[in-house]
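The sequence and structure are shown below.

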Amino acid sequence: MRSIINPKYLDLQEFLTSLPSTFDSLSATPLKSGRNEVRCLTVNNHKIVIKSFRKFSPLNRVIYGTLRQSKAVRAYYHALRLQMLGIGTPEPIAAIDVRQRGVLTHSFYVYAYSEYCPMQELLDTYPDKALEPLLDALADFILDVHDKGVLHNDLNILNILYRDCGHGVYDFQMIDINRMEFHDKLSHHQRLTNLRRFNCNPAAFLYILERYAAAMNMDCETTQLRGVSLRLIDTLKHEFKQRIKTLL
């Protein structure tokens, strides 16, 4: 077993290193199930979230066991790097990997519970004008992330949390951060391509693109056209892949 534990949470070391054998029986609140299992509980007065990466293909078991860092380890180090860049994300606590004969069998990413809120249902109600300050702040947040050279490779509404700080001020956090890239500078094409999975309703998406284009001194209509085209192409690709999987 390989464990990486944030020094601020060494009082959780015994609990964390026992996760491979205790996770399935934990008395915890389920937050998400499916390909990955996400649960929340309080341990030693720390409210934490545990993400268990559960389903690996045979090939990925070998790749993550020998050639690449696991998703949990990448998420842990990405969180630290985001913090250094001043980009919000829940505080990383630990990454736990278990390997047998060089093959990854269990992987856990543990982070501090965030009081920030999901925003999908909220943005689905746009074009409510009352949401425009939130959309402005969200576009500015994404712009700041891109200006710092960061690409979240699954950038969508589900993976951004927000907090209303009052007086039209909002703060944001990124989650599901195991798939990220860090660059010195991003091109316009990289920026717009990164927005292709932004799955809010079309009106909100166009508003965000308009705000983003204005901040970048880019032509608004061209930016919106390219952004919508890239999102449509990505949607069609995803639907095609799902059909192939169904047939197989």
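How many disulfides does the count come to? With a disulfide taken as a pair of cysteine sulfur atoms within 2.5 Å, the count comes to zero. Cys165 belongs to no disulfide, and the nearest cysteine sulfur, that of Cys117, is 11 Å away. Cys200 is likewise in no disulfide, the nearest cysteine sulfur being that of Cys220, 15 Å away. A disulfide is a covalent bond between the sulfur atoms of two cysteines.

The model is predicted: local features need pLDDT of at least 70 and side-chain atom pairs count only at pLDDT 80 or more, while totals for chains, interfaces and linings use all residues. Residues are numbered from 1 along each chain as its sequence is written, and side-chain values use heavy atoms, with hydrogens and water left out.

**Accessibility**

Relative accessible area is classed as buried under 20%, exposed over 50% and partly exposed in between, using a 1.4 Å probe and protein chains only.

| Residue | Relative accessible area | Class |
|---|---|---|
| Cys165 | 38% | partly exposed |
| Cys200 | 5% | buried |
| Phe53 | 3% | buried |

**The sheet and its hairpin**

Helices (H or I, at least four residues) and strands (E, at least two) are DSSP runs numbered from the N terminus, and two strands pair if DSSP finds at least two bridges between them. Three strands form an open antiparallel sheet in the order S7-S9-S10. Its edge strands, S7 (117-118) and S10 (169-174), each pair on one side only. S9 (residues 160-166) is joined to S10 over six bridges in the antiparallel sense. Tyr162 has Phe172 of S10 as its bridge partner, and Asp164 stands opposite Tyr170 in S10. The two strands S9 and S10 form a hairpin with two residues between them, and His167 in the turn has a positive phi of about 60°.

Phe53 is found in strand S4 (residues 46-53). Leaving aside residues up to four places away in sequence, Phe53 touches Asn36, Lys71, Ala72, Ser107, Tyr109 and Asn178, where contact means heavy atoms within 4.5 Å. Phe53 and Glu115 are 62 residues apart in sequence and 23 Å apart in space, C-alpha to C-alpha.

Spaces are found on a 1 Å grid over the protein atoms alone: a cavity is a set of points where a 1.4 Å probe fits but cannot get out, a pocket is an open set with protein on both sides within 12 Å along at least five of seven lines, and lining residues have an atom within 4 Å of a point. Grid points are joined across faces, edges and corners, and a volume is the space filled by probe spheres set on the points.

There is one cavity of 30 Å³ or more. The largest cavity holds about 100 Å³ of space, and its lining includes Phe53, Tyr109 and Asn178. S4 and S6 (103-112) each supply at least two residues of this lining.

**The largest pocket**

The largest pocket has a volume of about 1600 Å³. Of its 40 lining residues, Lys32, Asp154, Asn156, Asn159 and Asp176 lie nearest its centre. Helix H9 (220-247) is among the elements that each supply at least two lining residues, and the largest share, eight residues, comes from H9.
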